[in-house]
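Grab a viewer and work through the exercises below. Each one sets a task and then walks through a solution.

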Amino acid sequence: MDALQKLLFERAAVRGETVVLHDELSRALEHQHLPVAVRRLAGEVAACALLTSSALQFDGSVLLQIAGDGPVKLIVVEVTKDLTFRISVTMRTDAGNIDTNASFTDLVNATGNGRCALILDQTGRDPNAQPYQGVVPLVGSNFAEAMTNYFTSSEQVETKLILASDDASVGGIMVQKMPILGGKALPEDFDEDGWTRIQTFVDTVKSEELLTLNPEDINRRLFWEESPLVTFEAEPRFACRCSDEGVRTMIRNLGRPEAEEIIAERGSIEVTCHFCGRLFQFGKKDLDGIFPVDKNLN
């Protein structure tokens, strides 16, 4: 089951999130026809974006963007407040054949010029105001290391992140040390060693567990001695804003003469969603349904 669970370790001032994706990941990537190694990486970016969105509880969209200098040009994952997500992967035209076991460095950081951006686009944002954006170089031998470095260097948040992915699934767990803000005093029973101990527990998680268990079972195995509070549970789901009617409206705006000209030249009108890769195709017989007939004309 696709699921996310959020934890709070009160005495240690640590928060944690665990996510697994199966069916919804397959739905998100269904139309993109990606090489296996790229599919795995896209799943890890999606898992990390969901973990980040859950941690922030941001009122708006969280976008995690990886700009690569290898065969993968761009990966963008957008997550809304209700943990609806979508994934866009753009490959370079000269990417060629990609080895099934290609590494993170091979795919997006071949010459060390890859970049990671976290963008927060608030609901109701003033059109003249820019969304928050943090951009850092990709530093690390895998994506989890790169994102850990992002949180440490850009957000100044101590983070431990573990990700695991295969051809059809992805799982991830992230714990973060919560900052003490506004001079707030630590609780009398503050667990000074809690952060170190919780990181140690996270290090014991196996890839097999992240790919086959649900978040509740993963967290129970790792943290049964800590008794954390479960503060949030949800089922992330894929949804893209593209639609058949949206494409019909676009064709309608072209006008029938131009639409007919395109079909005469190419055989059909084809529109591919830039975000999810879904292909919409319309032929000559579809035009009567797109362009209403004026019954007053004889």
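A quick term before we start: buried means under 20% relative accessible area, exposed means over 50%, and partly exposed is in between (1.4 Å probe, protein chains only). The model is a predicted one, so local features need pLDDT of at least 70 and side-chain atom pairs count only at pLDDT 80 or more, while totals for chains, interfaces and linings use all residues. Residues are numbered from 1 along each chain as its sequence is written, and side-chain values use heavy atoms, with hydrogens and water left out.

**Exercise 1. Work out the strand order of the five-stranded open sheet, and say what packs on it.**

Step 1. Helices (H or I, at least four residues) and strands (E, at least two) are DSSP runs numbered from the N terminus, and two strands pair if DSSP finds at least two bridges between them.

Step 2. Trace the order: E8-E9-E2-E1-E10, with antiparallel pairing. E8 (159–165) and E10 (229–234) sit at the edges with a single partner strand each, so one side of each has no neighbour in the sheet. From one strand to the next, the twist averages 10°.

Step 3. Zoom in on one pair. E2 (residues 14–21) and E9 (residues 170–177) run antiparallel and are joined by eight bridges; there, Leu21 is opposite Val170.

Step 4. Contact means heavy atoms within 4.5 Å; axes are lines fitted to C-alpha atoms (for helices, over the stretch in contact), and angles run from 0 to 180 degrees between N-to-C directions. H4 (residues 143–153) packs on the sheet, touches E8 and E9, and makes about 155° with the direction of E8. H5 (residues 194–203) touches E1 (3–9), E2, E8 and E9, and its direction makes about 10° with that of E8.

**Exercise 2. Find what the side chain of Lys6 reaches.**

Step 1. Lys6 is buried without a salt bridge, and the nearest side chain of opposite charge, Glu17, is 4.2 Å away. (Lys and Arg count as positive, Asp and Glu as negative; His and the chain ends are not counted.)

Step 2. Look at the backbone: the Lys6 side chain reaches the backbone oxygen of Ser54 at 2.8 Å.

**Exercise 3. Describe how E4 is connected to its partners.**

Step 1. E4 (residues 72–79) has six of its eight residues buried.

Step 2. Six bridges join E4 to the antiparallel E3 (residues 60–67), Ile66 being partnered with Ile75. The E3–E4 hairpin runs through four residues.

Step 3. Seven bridges join E4 to the antiparallel E5 (residues 84–91), where Glu78 is opposite Arg86. Four residues separate E4 and E5 in their hairpin, and Leu83 in the turn has a positive phi of about 65°.

Notes
A salt bridge is a side-chain nitrogen of Lys or Arg within 4 Å of a carboxyl oxygen of Asp or Glu. A polar contact is a pair of N or O atoms within 3.5 Å; within protein, one must be able to donate a hydrogen and the other to accept it, and residues adjacent in sequence count only if both atoms are side-chain atoms.
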